[in-house]
Amino acid sequence: MTRARSAALLCALAVLTACGGPTSDTALTRRLTLWTHGGTPAEQAALRTQVAGFEKAHAGTTVAITVIQEGDYGDTVQQAVAAGELPDVLDVDGPLIASYAYQGALAPLDHLIGDEVRNRMLPSLVAQGTWRGQLWAVGAFDSGLALYGDRRQLARAGVRVPSGPDDAWTAQEMAQGLSALAAHDADGKVLDLKLGYGTGEWLTYGFAPLISSAGAALIHPESGKATGILDSPAAVRALTTLGSWVPRTDPDKDGKAFTSRRVALSWVGHWTYGDYAAALGRDLVVLPLPDLGEGSKSGQGSWAWSVGADTSHGKDAATLVSWLTDDAAATSMTGANGAVPGTKTSLAASALVGPGKPLHLYADQLARTCGGGPLTATCVTVPRPVTPAYPAITAAFSAAVASVLQGGDPQLALAKAARAIDADLVANDGYTRGPRSP
């Protein structure tokens, strides 16, 4: 792609600012470029406010924001990597951080930001942004999974309400609970697995924790290979358990399975809380995911800010990244998107996620991240594999989950996924080096 075509593409995608001619610093003004995925209108408004505050606090620096629709974001970044035209600052979806770092798209942050930035972040975000011993991205918020329950229906069916991750239902209790709930339900479909989200990343983010809870993994933590790991008996048992829930699962074609109270349980993340609380009020209860033998496990990870490798303003770009992820920014952005605040201070003060608040389960889970250490029965949130191979891993695993949800054989589906992941590893020489490795 020529520079002219690349510039034309970016102008077409810009939403918040107009494109002009080539940018350059003057004696009075330094212009930083920032790319962000579409997000919601509330998120965009919060970002605009944060950037305006940054410009006011840093006289002589302006920030040009380009908003790119999420569906086009990955391709646009890849085109910019090839053309050497990355912005000064860009946001990156958490599980793709290692892939972009491997390609040489990101600048390592350790020498650009102070220790206070790392120290204020949740441990889960430090784990997400670290690859090969270096920090590549800083987040203002994190995420989490849970089972939302209808307290009234659970009580009617005599189903126990767990108090936290250490008290989660076993696989047997989950099955018994679904049966008990179904006995009071007209069609027997009492569980929402967000099948309406379709295939893709939801199937990995949403259900990889089951693999971990059974004591398995998507890949070997050192070799990166999947054969013998992803298709292990424990992993097969996990997806067999998932498949056993399908007859009790509402297809949720209208997206209202839980809010209309057609089902008693919804397997989803923090982002649905507002709608669910409005629909159920005090009947809404937030439960940990079931324990398949090695402890309840949950997902983690979300969008984070990075410095583009092509920047000639590394320190200024890192200062902007720090600004966009400090306590105030974490509070304002999570107020807009309902995510878990990414700094310890903002989380503690949160009206939703702080101690004793309705969504404190998410904070409890993230405080016990499995990232940066071995998988144990006591850690809870599991990062999606921090590896450049992640795009191939999620494509293969999500296809396996989709197959099982449609009645496919778990052993065959996982064996096929493992072969695909290992083939990608071989094709890329084990991801031991990249075209622009730092």
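I count two strands as paired if DSSP finds at least two bridges between them. My helices (H or I, at least four residues) and strands (E, at least two) are DSSP runs, numbered from the N terminus.

Ground rules first. I'm working on a predicted model, where local features need pLDDT of at least 70, side-chain atom pairs count only at pLDDT 80 or more, and totals for chains, interfaces and linings use all residues. Residues are numbered from 1 along each chain as its sequence is written, and side-chain values use heavy atoms, with hydrogens and water left out.

**Entry 1**

I began with strand 1 (residues 30-37) and strand 3 (residues 89-93), which pair in the parallel sense over two bridges. Trp35 sits opposite Leu90 of strand 3. On its pairing with strand 12, strand 3 runs antiparallel over five bridges, and there Asp93 stands opposite Trp303.

Zooming out, I get an open sheet of four strands in the order 2-1-3-12, with mixed pairing. Strand 2 (61-68) and strand 12 (303-307) are at the edges with a single partner strand each, so one side of each has no neighbour in the sheet. Ignoring direction, neighbouring strands here are turned by 25° against each other on average. Helix 3 (residues 70-83) packs on this sheet and touches strand 1, strand 2, strand 3 and strand 12; its direction makes about 130° with that of strand 1. For contact I use heavy atoms within 4.5 Å. Axes are lines fitted to C-alpha atoms, for helices over the stretch in contact, and angles run from 0 to 180 degrees between N-to-C directions.

How many residues of strand 3 are buried? Five of its five are, so I noted the strand as mostly covered. Buried means under 20% relative accessible area, exposed over 50%, and partly exposed in between (1.4 Å probe, protein chains only). In a regular strand the side chains alternate between the two faces of the sheet. In strand 3, Val89, Asp91 and Asp93 point one way, Leu90 and Val92 point the other way, and all are buried.

**Entry 2: the 8-9-7-10 sheet**

I found another open sheet of four strands, order 8-9-7-10, also with mixed pairing. Its edge strands are strand 8 (191-192) and strand 10 (284-287), each pairing on one side only. Strand 8 pairs with strand 9 (residues 265-269) in the parallel sense over two bridges. I put Asp192 opposite Ser266 of strand 9.

**Entry 3: helix 10 and its partners**

Two packed helices are described by the angle between their axes and the distance between the axes. For helix 9 (residues 201-213) and helix 10 (residues 233-245) I have an angle of about 130° and axes 8 Å apart. That makes the pair oblique. My classes: angles under 35 degrees are roughly parallel, over 145 roughly antiparallel, 65 to 115 roughly perpendicular and the rest oblique. The crossing of helix 9 and helix 10 is right-handed, which applies if the near helix is turned clockwise from the far one by less than a right angle, while anticlockwise gives left-handed.

Which residues meet there? From helix 9 I listed Phe207, Leu210 and Ile211, and from helix 10 Ala235, Ala238, Leu239, Leu242 and Trp245. By class, that contact has eight nonpolar, no polar and no charged residues. Ala, Val, Leu, Ile, Met, Phe, Trp, Tyr, Cys and Pro count as nonpolar, Asp, Glu, Lys and Arg as charged, and the others, Gly among them, as polar.

Next I checked helix 10 against helix 17 (residues 410-427): their axes come within 9 Å and cross at roughly 125°. Helix 10 and helix 17 are oblique too, and the crossing is right-handed. Ala235, Val236, Leu239 and Thr240 of helix 10 meet Pro410, Gln411 and Leu414 of helix 17. This contact has five nonpolar, two polar and no charged residues.

**Entry 4: two single residues**

Is Ser99 buried or exposed? At 10% relative accessibility, Ser99 counts as buried. I find Ser99 in helix 4 (residues 97-102), and, leaving aside neighbours within four places in sequence, Ser99 contacts Thr387, Pro388 and Pro391.

Ala339 lies in the loop between helix 13 (327-337) and strand 13 (340-341). With a relative accessible area of 7%, Ala339 is buried. Neighbours within four places aside, Ala339 is in contact with Phe141, Asp142, His270 and Thr334. I also noted that Ala339 and Asp252 are 87 residues apart in sequence and 23 Å apart in space, C-alpha to C-alpha.
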